[in-house]
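Here is a short report for a reader meeting this structure for the first time. Look over the sequence and the model, then read on.

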Amino acid sequence: MHFSLPDTQELKDEGGAPYTVYNIHINGVFHCSARYKQLRQFHEQLRKEFGPQPLPPFPPKKLLSLASHEVEERRCMLERYIQLVSQDPVMGSSATFNTFLHSAQQDSQKETPERVSLDIYLMNGHKITVSVTSTDQTDDVLEAVASQIEIPNDLVYYFGIYLVRKEEDSMAIVRKMQDFESPFISLRTANKDKGINRIVLRKSYWDSSLDDELLDNKVTLNLLFVQTVNDLERGWILATPDQLKHMKKLVSRGSKKEYLRFSRTLKYYGYIQFKPCLTDYPSPNTRVVAASGGRELNFRVQVGDQVKEGIFKITRMRCWRITTVYPKEGESGYTKSGSAQLELSFEYLMSKDTLRWIAIVSEQAMLMSMCLQSMVDELIMKKQGKRFKRPQDRLQQKSQKGGKPLSPIDPSGNQSPRSQSPVETTDRVSVAVEKSKMNGKGENGVTENDAFEGIGDDDL
C-alpha cells in the first residue's frame, strides 16, 4: 500500500483557535486527516504494544507555534514515519494500525455510527443488500455478505470486496478495499468525487488451482461461475468460436463445474485486465493492453495484423515503484495544464546478469502495483504452507489480551510489507513513489521482492 501526506490544512476549533491537520492519502486517494497530537498518540500506542526498538523516529513535540517551513518539515517527517510503519509486516497488519486509520477516517468524515443498508454487487449486476453499521470495517462487511449468502467460514477470505467505477457501458475495478476503511464511507466519498461507483464481490486469489476448493459448495461455485462468465463477456478471457460453442453447451446442460474447469484452460483465465496504456517496452510510447495474473504481468501490442505478447514473471522482478510524473513539453502525455500521470516501473531480469527498468504510464498504475504485490504475497504464502485467514481468526485476535495481536495471512496481502515513498527525480518532478517488497529493505530505500531471490539459473 502506498501512503503519503502530500499537504496540510489550517482549520479552527470550536473556540476559533487555529490548528493544522495532515492529509493522509492511501494509493493516491484521500483517506483521512489527522492532527499532530493524534499521530503522536498513535506512535505512543505502537511503542506500548511493540516496544521502541522497531519504531522509526517520530518528529518531536514543540512548545511554540510552528513557522510554515517547520510545518513542512514536520509533514515530511510524519510522512516518512507512517510509510516505514506501514512497511513493517507485524505493525502494518496490527489492530492498532488498522484501528487508527479507520477511526481517523470516521473523524475526518464526521461519521456517527448508525445502521444502514449497503448494496454489494456481483459482476453481472446481481445485488446483495446487507444491513451493517455505517462505520463497519471492510472485513466486517465481507463477513456480513458471506453470512447472508452462506459462504462457509473457511472460504470467506477467498473473496474480497472491490470498489469499481461505472465507465460508459462497463465497470472498471478501482481497488480492493482494505480493513482500515469503512466501505460505506469510502463508497460515499468516491461517489462525491468521481461519478458512479459500487462495491463488488469477487474472488481475491490468483492461483487458479484454488478453484478446486470452491467447486463443491453451491454458493462459491455460483460466485465463480458468475465472475467467469462476466470476464469472458468483457474480453478478459480469450476463447475461440469452437471453445465458446462448447461452453455454451455446458451452460445449457447446467454443468457449471465442467464449465469452470474448461475455462481454466483458456488464455488469461483469472487475470485482471487494465485499460490501454503506454510503455517503453519494446520501444518508447508503445501502446499496450496490460493484464495481471498467472504470476505475471502481461503486455499485448498490436503489430500490423498480429498481436504480440510481452510476459514479465513476478519471480524475475527485483522491485517496482509508483511515480507521479509531469511530462515535459514534447513528451507523450504533455498538457499545458501540467496534468500529472502515474507511472509504474519495475526492474526486470531480462537475462542472466542483465536487469532493465521497464515503465508503464497508466491511471491504473496503483491497481497494477497492488496486483503485483498480492501475487507475490500469495506465492510466498503457498511456499510457506500458510492458509487464508478465517472469521474465527479475527475473533481470536480481538479477544487476545496483551502482547502482539495475531496476524493471519490474507490473500489480499494485508500482512505483507507495504509501500514506500517519496523521492524526487532530477529529470521529472516525482511526488510519490511506491516500492513494494516481501521482507527487508534494499539499499537507498529500494525495497526488495523476496520472490526474486528464489529463482536460479534453470528458471532463466
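## A helix and its surroundings

In this predicted model, helix α2 has these buried residues: Val71, Arg74, Arg75, Leu78, Glu79, Tyr81, Ile82, Gln83, Leu84, Val85, Ser86 and Gln87. The cover over them includes β1, β2, α1 (36–50) and α3 (95–109). The helix itself spans residues 68–87, 20 residues in total. From first C-alpha to last, α2 reaches 29 Å, close to the 28 Å expected at 1.5 Å a residue. It lies across β1 and β2 and runs at about 135° to β1.

## The sheet

The sheet is open and has three strands in the order β1-β2-β3, with antiparallel pairing. Its edge strands are β1 and β3 (29–35), each pairing on one side only. On average, neighbouring strands of this sheet are turned by 30° against each other, direction ignored.

| Strand pair | Sense | Bridges | A facing pair of residues |
|---|---|---|---|
| β1 and β2 | antiparallel | eight | Lys12 and Pro18 |
| β2 and β3 | antiparallel | six | Ile26 and Val29 |

Helix α1 also packs on the sheet, where it touches β2 and β3. The direction of α1 makes about 90° with that of β3.

Strand β1 covers residues 3–12, and β2 covers residues 18–26. Together β1 and β2 form a hairpin, with five residues between them. Gly16 sits in the turn and has a positive phi of about 90°.

## The nonpolar cores

Where do nonpolar side chains tend to be in soluble globular proteins? They tend to be buried together.

Here the largest nonpolar core has 44 residues. Leu118, Ile120, Tyr158, Ile161 and Leu201 have the most contacts inside it. Helix α6 (residues 218–233) gives the most to this core: six residues.

Which residues does Leu118 touch, not counting residues up to four places away in sequence? Its contacts are Ile128, Thr129, Val130, Val132, Val141, Pro183, Phe184, Leu187 and Ile199.

Another core, of 37 residues, lies apart from the largest one. Ala290, Val301, Leu372 and Leu379 are among its residues.

Note on methods:
Residues numbered from 1 in each chain as written. Predicted model: local features only at pLDDT ≥ 70, side-chain atom pairs only at ≥ 80, totals over all residues. Heavy atoms only, no water. Pairing = 2+ DSSP bridges. Helix = DSSP H or I, 4+ residues; strand = E, 2+ residues; numbered from the N terminus. Expected span 1.5 Å × (residues − 1). Buried < 20%, exposed > 50% of the residue type's maximum accessible area, 1.4 Å probe, protein only. Contact = heavy atoms within 4.5 Å. Axes fitted to C-alpha atoms, helices over the stretch in contact; angles between N-to-C directions. Core = buried A, V, L, I, M, F, W, Y, C linked by side-chain atoms within 4.5 Å.
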